[in-house]
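Please read the following report on helix packing, pockets and backbone geometry alongside the sequence and the model.

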Amino acid sequence: MKQFTLKAGIGFTFLLLVMATSLNAQLTLPATSPKAVVTQRVGITDISIHYNRPYVKGRKIWGGLVQNGFNNLGFGTSTAAPWRAGADDNTIIEFTHDVKLEGKDVKAGKYALFMAPEENGDVTVILSSNTTSWGSYFYDEKEDVVRVKVESIDKEDSTEILTYEFNTVDANSAIASLIWEKKEIPFKIEVDVKGIVLEGISNDLRNSKGFQQAAWDQAANYAFNAGELDKALEWVNNSISGQFFSKESFSNLSLKSSILRKQGKVAEAEDMLDKAVTMGTANEIYGAGAQLLATGNSTKALAVMKANVKNNKGAFPSNFGLARAYSANGDFKNAIKSIHKSMATAPANFKPRLQQNLDRLKKGEDINTPAKK
């Protein structure tokens with residue numbers, strides 16, 4: 001009897017262990033509100049939103065499942081909680097660099113995203129430092145990092161599953177939108193792209209990248225195109241001289257010429273370009289001449305294009321560039337001669353364009369302007 005009881009006890013204990021293991025088992029099953037992430041890059045800054053996507057399923061969403069304003073949800077510590085702006089875990093928004101949310105500064109990092117819609121269409125958008133909670137049951141206003149107010153948009157078509165989109169993006173900003181049922185909630189995120197990139201370049205030039213001439217050339221080009229002329233000149237000078245890797249080239253000398261010209265130092269700019277022209281390929285010098293034509297400096301362009309023909313022995317596209325320069329200066333006779341010379345060295349697929357330009361020159365039309373219809 002004792003032996004039977006002992007065996008029965010062991011069996012019962014084993015059954016309890018099996019039951020406990022079963023209760024703790026985690027199966028991989030589809031989520032009711034599937035996880036999603038959407039990312040948009042602005043400049044070199046990534047903006048990501050991690051969220052769970054509930055379905056409408058015939059329910060009343062706005063003013064129903066999503067209550068207006070701040071509410072006591074009947075659980076947790078918050079008595080005035082916003083909506084979690086998704087389902088299940090906190091919706092998380094992440095920025096790899098500092099940004100502005102609707103004009104307010106936000107540091108790089110991760111934040112919980114909450115929303116409090118109102119019946120009149122206004123929505124309070126909140127970024128909170130608490131990114132680890134489930135829902136907004138333990139929301140604490142003291143953890144708010146930013147609060148902004150935006151206007152929602154009523155839509156004719158219904159979106160069944162909650163969706164975040166970056167539906168408007170430009171060089172320095174993006175508009176993120178929550179879209180669900182017949183409502184869209186947009187909020188604007190701005191990025192100081194130029195400031196972030198220039199700061200990154202400055203740091204890069206202090207590490208191993210700064211031991212390569214190409215890095216200084218790239219840095220100077222970016223600063224020039226960004227309108228930071230003093231910084232561009234500083235960086236291009238490092239490429240040209242003063243460092244163990246420095247050497248003069250067509251690219252850095254012509255860039256320095258462009259910087260000096262933008263700074264109003266025209267004589268210095270032209271001297272620098274004359275020096276660059278002695279080092280350039282036919283294509284490189286053509287590009288420099290074309291840039292001069294684009295800025296209306298046809299006299300200097302003609303000198304550069306003539307040097308290109310001489311230095312590169314008429315290699316294509318030097319004579320074509322010379323034709324453009326003659327045309328810009330109203331000398332159609334010499335422009336026609338240069339087009340004929342260019343025909344001899346031009347690739348076959350470019351010859352139709354040359355013929356079109358030749359026809360225009362014969363009519364007395366400047367080939368640097370759009371063709372007349």
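## Helix packing and pockets

In this predicted model, α3 and α5 are roughly parallel to each other, where angles under 35 degrees count as roughly parallel, over 145 as roughly antiparallel, 65 to 115 as roughly perpendicular and the rest as oblique. Residues are numbered from 1 along each chain as its sequence is written, and side-chain values use heavy atoms, with hydrogens and water left out. Because the model is predicted, local features need pLDDT of at least 70 and side-chain atom pairs count only at pLDDT 80 or more, whereas totals for chains, interfaces and linings use all residues.

Two packed helices are described by the angle between their axes and the distance between the axes. Here helices (H or I, at least four residues) and strands (E, at least two) are DSSP runs, numbered from the N terminus; axes are lines fitted to C-alpha atoms, for helices over the stretch in contact, and angles run from 0 to 180 degrees between N-to-C directions.

| Helix pair | Angle between axes | Axis distance |
|---|---|---|
| α3 and α5 | about 25 degrees | 11 Å |
| α7 and α8 (298-311) | about 170 degrees | 8 Å |
| α9 (318-328) and α10 (332-345) | roughly 165 degrees | within 8 Å |

α3 passes α5 in a left-handed crossing, a term used if the near helix is turned anticlockwise from the far one by less than a right angle, with right-handed used if clockwise. In their contact (heavy atoms within 4.5 Å), Q213, D217, A220, N221 and F224 of α3 meet S251, N252, L255, S258, I259 and K262 of α5. By class, this contact of α3 with α5 has 4 nonpolar, 5 polar and 2 charged residues, where Ala, Val, Leu, Ile, Met, Phe, Trp, Tyr, Cys and Pro count as nonpolar, Asp, Glu, Lys and Arg as charged, and the others, Gly among them, as polar.

The angle of about 170 degrees between α7 and α8 makes α7 roughly antiparallel to α8. A282, I285, Y286, G289, A290, L292 and L293 in α7 meet S298, K300, A301, V304, M305 and N308 in α8, and the classes in this contact are 9 nonpolar, 3 polar and 1 charged.

α9 and α10 are likewise roughly antiparallel to each other, and α9 passes α10 in a left-handed crossing. The α9 residues N319, F320, L322, A323, Y326 and S327 meet F332, N334, A335, S338, I339, K341 and S342 in α10, a contact with 7 nonpolar, 5 polar and 1 charged residues.

Between α8 and α9 runs a loop in which P317 is found, and the peptide bond from F316 to P317 is cis, with omega near 10 degrees. A85, in the loop between β2 (45-52) and β3 (91-95), has a positive phi near 60 degrees although the residue is not glycine. Most residues other than glycine have a negative phi, and most peptide bonds are trans.

Grid points are joined across faces, edges and corners, and a volume is the space filled by probe spheres set on the points.

The largest pocket has a volume of about 440 Å³; 24 residues line this pocket, and L65, W83, R84, G86 and A87 are the closest to its centre. Its lining has 13 nonpolar, 7 polar and 4 charged residues.

The second largest pocket, of about 340 Å³, is lined by 16 residues, with F224, S254, S257, S258 and Q291 nearest its centre. α3 (213-225), α5 (250-262) and α7 (282-294) each supply at least two residues of this lining, to which α5 gives the most, with 7 residues.

How values were computed: 1 Å grid on protein atoms, 1.4 Å probe; cavity = no way out; pocket = protein on both sides within 12 Å on 5 of 7 lines; lining within 4 Å.
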